[in-house]
Amino acid sequence: MSQTDIPNIQALSQEVSQLRQELQLRDQLVQQLSQELFRLVKGNANFMPQRSESERDLSQLQALREQLQAVEQQVTFYQEQIATRDGEIYQLRQSVQELTDRSRMLEQVVQELPQIYRRKFEERMTPIREKVAILQRENRKLQAELQSVSYRLALKTRHSSHSGIDLPNFPRPTTGQGNVSAVQNA
């Protein structure tokens, strides 16, 4: 400890002893006052509240208790309503969440529908395109054969018209078909 700490400690101890003395004096004064107050209250009959005032206080107290009970009932009622509403709010939030999820799913499906329809359409069109290609090839073959038959028929009619004799053209159903098939086979 330093030299400056010693005077501080002495000053503090003096202050503590002075405070203890003041505290003892106050304790004595409080004791004396309480004894005097007890003697005054015990000896003074007017100090005690009258019976009618206490009955009035009891009736007021009863009325306050009834009011408190009514308020407690209202609070209970409102708490039940709040709990019910909280449950409803929770259910509505759940419904909103489910509907939001469903809406997102439907939006995704709607966005994917054109691609799905395109793919399905392509799947259905592939055999049709193949059939069309086959029919076009067959059509080209038939047109080529028709041109060939037409050319041969034209040559034949040219040779027959040069003979110089005009013969009547009678329809020949059996021979005409035979000629066409003969020309096609040739």
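The pLDDT is the predictor's confidence in each residue, on a scale from 0 to 100, and the legends below refer to it for what is a predicted model.

**View 1. Confidence along the predicted protein.** Across the protein the mean pLDDT is 82, with 78% of the residues reaching 70 or more. Confidence is highest in helix α2, at a mean of 90, and lowest in helix α3, which covers residues 173-185 and has a mean of 48. Over residues 175-186 the pLDDT is below 50, and this stretch has 7 contacts in the model beyond near neighbours in sequence.

**View 2. Secondary structure and surface of the whole protein.** The secondary structure comprises 3 helices and 0 strands, which gives the pattern α-α-α when the protein is read along its sequence. Of the 186 residues in the protein, 1% are buried. The accessible surface comes to about 18,100 Å², and carbon and sulfur atoms account for 56% of that surface.

View 3. Phe-77, Tyr-78 and Ile-82 together make a nonpolar surface patch of about 320 Å². One of these residues, Phe-77, belongs to helix α2, which runs over residues 51-161.

**View 4. Close-up of Phe-77.** The side chain shown here is that of a residue in helix α2, and Phe-77 contributes to the nonpolar patch together with Tyr-78 and Ile-82. Phe-77 has a relative accessible area of 42% and is therefore classed as partly exposed, because that class lies between the buried limit of under 20% and the exposed limit of over 50%.

Technical notes:
Residues are numbered from 1 along each chain as its sequence is written. This is a predicted model: local features need pLDDT of at least 70, side-chain atom pairs count only at pLDDT 80 or more; totals for chains, interfaces and linings use all residues. Side-chain values use heavy atoms; hydrogens and water are left out. Patches are made of residues with over 30% relative accessible area and no salt bridge: like charges are joined within 9 Å, nonpolar side chains (Val, Leu, Ile, Met, Phe, Trp, Tyr) within 5 Å. Accessible areas come from the Shrake-Rupley method with a 1.4 Å probe; for residues, only the protein chains shown count as cover. A salt bridge is a side-chain nitrogen of Lys or Arg within 4 Å of a carboxyl oxygen of Asp or Glu. Helices (H or I, at least four residues) and strands (E, at least two) are DSSP runs, numbered from the N terminus. Buried means under 20% relative accessible area, exposed over 50%, partly exposed in between (1.4 Å probe, protein chains only). Contact means heavy atoms within 4.5 Å.
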